[in-house]
Amino acid sequence: MQPALAHTIQLIADSGAAAFYRGSIADTIAAQMQRDGGLITKEDLARYRPDWREPLRSTYRGYSLISMPPSSSGGTTITETLNILEAYGPAARFGSAERVHAVASASQRAFIDRNSKLGDPAFVKIPLAQLTSKSYARAIAKTISRDHADPTSRFASGIREGNETTHYSVVDRFGNAVATTTTLNDLYGSGVYVRGAGFFLNDEMDDFTSKPGTPNMFGLIQGEANAIAPGKRMLSAMSPTIVLDPKGQLLLIAGARGGPRIISATSQVILNIIDHRMSLADAMNAPRIHHQSYPDSVQLETGGFDSAVVARLARMGHFVYEKAGVASAAAIMRVKGGYEGFDDRRTRGGAAVGY
Ligand code: DON
């Protein structure tokens, strides 16, 4: 039982956001800050305003995607990755070295842009139209060779190499769909528990570039565009995404937890369904890969790929390593006569429920 958290939620249900940002919950947070020598004041909380940002819209092989705009990098990086893959050509067989090479190289290029160019658009000018355009993706696809990997350092200029998030997808009987990701960042966030209010404070500051050239907790090496500034929102990888089929009908609601691997997991669930025609269960269970530009390597989920494929990728010049867990996704797909929900086998404690 969590009576303090229940009380907090009740206060928000009764009085809305004001209870949190200006009312008694704000008092409780400020008191916790004083006890622990923290920096957040009641005035900081009262000044906070949510900001409505138009969802990002893109297409992939005739399907439409609606995803999260900056200051999350999720929708932008998924869009750029998928646009590059579309321009690269038809998808090779799932699990083949050719396919892993294509997806890893597209992710590598998209993450180079993510890590160097993206930040809160209220503070930095970001080339969103360019990064999400088909012509830009075509130019990038031309840089991907068919038979060898390129080092990140060839394309990344200006950047040198020197858990706790939840996603849920919901749909009602009318087809209204919601994809939500919410994050504390690390496990138990900052580890600071607000006594009396029943929740932990996040450690989202690590999603900023706290020091250029230095990796954050996810190994991401990011640029000045994502530097810390007062009132600025940090760059996230959250990728809540809705996919419509070529007729414009709802097909998929997806997203994940897992730091930058959120982008890879969400992209690959979408790719598995559109390119490899998998069922939702297969698309979610299929082994995933991850390339975030730096470290300049491709993670292959342990045991997911033939040893001959792993050896071939290494010969192509990819630095490959096997490690379990490329994020945990949660998704719902429209199927004949209704919907199918699936929670990732990589998740502990998640579930798909119908009502
Ligand atoms: O917004 C982000 O990109 C990170 N705060 C997400 C962290 C995360 O997914 C950790 N959890 N499993």
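Analyst: Start with Val178. This is a predicted model. Val178 has a relative accessible area of 42%, so this residue counts as partly exposed, the class between under 20% and over 50%. Val178 sits in strand S4, residues 177-185. Together with Tyr168, Val170 and Tyr355, Val178 makes a nonpolar surface patch of about 460 Å².

Now the open sheet. Six strands build the sheet, in the order S1-S2-S7-S8-S12-S13, with antiparallel pairing. S1 (56-60) and S13 (338-343) are the edge strands, and each pairs on one side only. From one strand to the next, the twist averages 20°.

S1 and S2 (residues 63-67) run antiparallel and are joined by five bridges. Thr59 has Ser64 in S2 as its bridge partner. Ser64 also leads onward: in S7, its bridge partner is Leu244. Three bridges link S2 to S7, again antiparallel.

Ile242 has Ile253 as its bridge partner in S8. S7 and S8 pair over four bridges in the antiparallel sense. The two strands form a hairpin, with five residues between them. In that turn, Gly248 has a positive phi of about 90°.

Finally, the helix. H9 (residues 261-274) lies across S1, S2, S7 (241-244), S8 (250-257) and S12 (328-335). H9 runs at about 155° to S8.

Methods. Residues are numbered from 1 along each chain as its sequence is written. This is a predicted model: local features need pLDDT of at least 70, side-chain atom pairs count only at pLDDT 80 or more; totals for chains, interfaces and linings use all residues. Side-chain values use heavy atoms; hydrogens and water are left out. Two strands pair if DSSP finds at least two bridges between them. Axes are lines fitted to C-alpha atoms, for helices over the stretch in contact, and angles run from 0 to 180 degrees between N-to-C directions. Contact means heavy atoms within 4.5 Å. Patches are made of residues with over 30% relative accessible area and no salt bridge: like charges are joined within 9 Å, nonpolar side chains (Val, Leu, Ile, Met, Phe, Trp, Tyr) within 5 Å. Accessible areas come from the Shrake-Rupley method with a 1.4 Å probe; for residues, only the protein chains shown count as cover. A salt bridge is a side-chain nitrogen of Lys or Arg within 4 Å of a carboxyl oxygen of Asp or Glu. Buried means under 20% relative accessible area, exposed over 50%, partly exposed in between (1.4 Å probe, protein chains only).
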